[in-house]
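Let's take a friendly walk through the charged pairs of this chain. Have the sequence and the 3D view ready as you read.

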Amino acid sequence: MTDPISLTVATLLAGGYLAEAGSGAWRTTTRIVAFLRNKFGRDQQALDALQRCEDDPSSASAQADVRSALDRYLDRDPGFRSELLSVLESQGYSQKEVLNSQVTVTDQANVGKIVTIKDVQGDVSF
């Protein structure tokens, strides 16, 4: 089963990659990706998953690969969970939102077939 943190991060990344450069969602995505690239280091499988999500953010398989990579790291490294939650909190996402798979959209987002959204300030396309 996918960890709620993995689901939230993959959703944020996909939405952020689809957002207009310079928007809040895009800035959040670039910060999260920088953190993940640093943590993934030489893990080419995880880095490739991030790249595929950037290349085609609407790809369900790319998003699944990102979730899978995140799940592996969350399972192996308890410190990774804390660090990732800290990065998300620095971007305005509370632990409650993240752990309950609730995402707040403040700009625009194109969303796949399944999504849980708590608050929306802007446009969301389904």
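R72 and D43 form a salt bridge, with their closest N and O atoms 3.3 Å apart; the term stands for a side-chain nitrogen of Lys or Arg within 4 Å of a carboxyl oxygen of Asp or Glu. This pair links distant parts of the chain, as R72 sits in helix α4 (residues 60-76) and D43 in the loop between α2 and α3, 29 residues apart. Helices here are DSSP runs of H or I with at least four residues, numbered from the N terminus.

This is a predicted model, in which local features need pLDDT of at least 70 and side-chain atom pairs count only at pLDDT 80 or more, while totals for chains, interfaces and linings use all residues. Residues are numbered from 1 along each chain as its sequence is written, and side-chain values use heavy atoms, leaving out hydrogens and water.

Is D43 buried or exposed? With a relative accessible area of 15%, D43 is buried, because buried means under 20% (exposed is over 50%, partly exposed in between, using a 1.4 Å probe and protein chains only).

Helix α2 brings us to another pair. E83 forms a salt bridge with K39, their closest N and O atoms lying 3.1 Å apart. Here E83 belongs to helix α5 (residues 78-90) and K39 to helix α2, 44 residues apart in the chain. Both are partly exposed, E83 at 33% and K39 at 27%.

How many salt bridges does a search of the whole structure find? The count is four.

Terms used: Helices (H or I, at least four residues) and strands (E, at least two) are DSSP runs, numbered from the N terminus.
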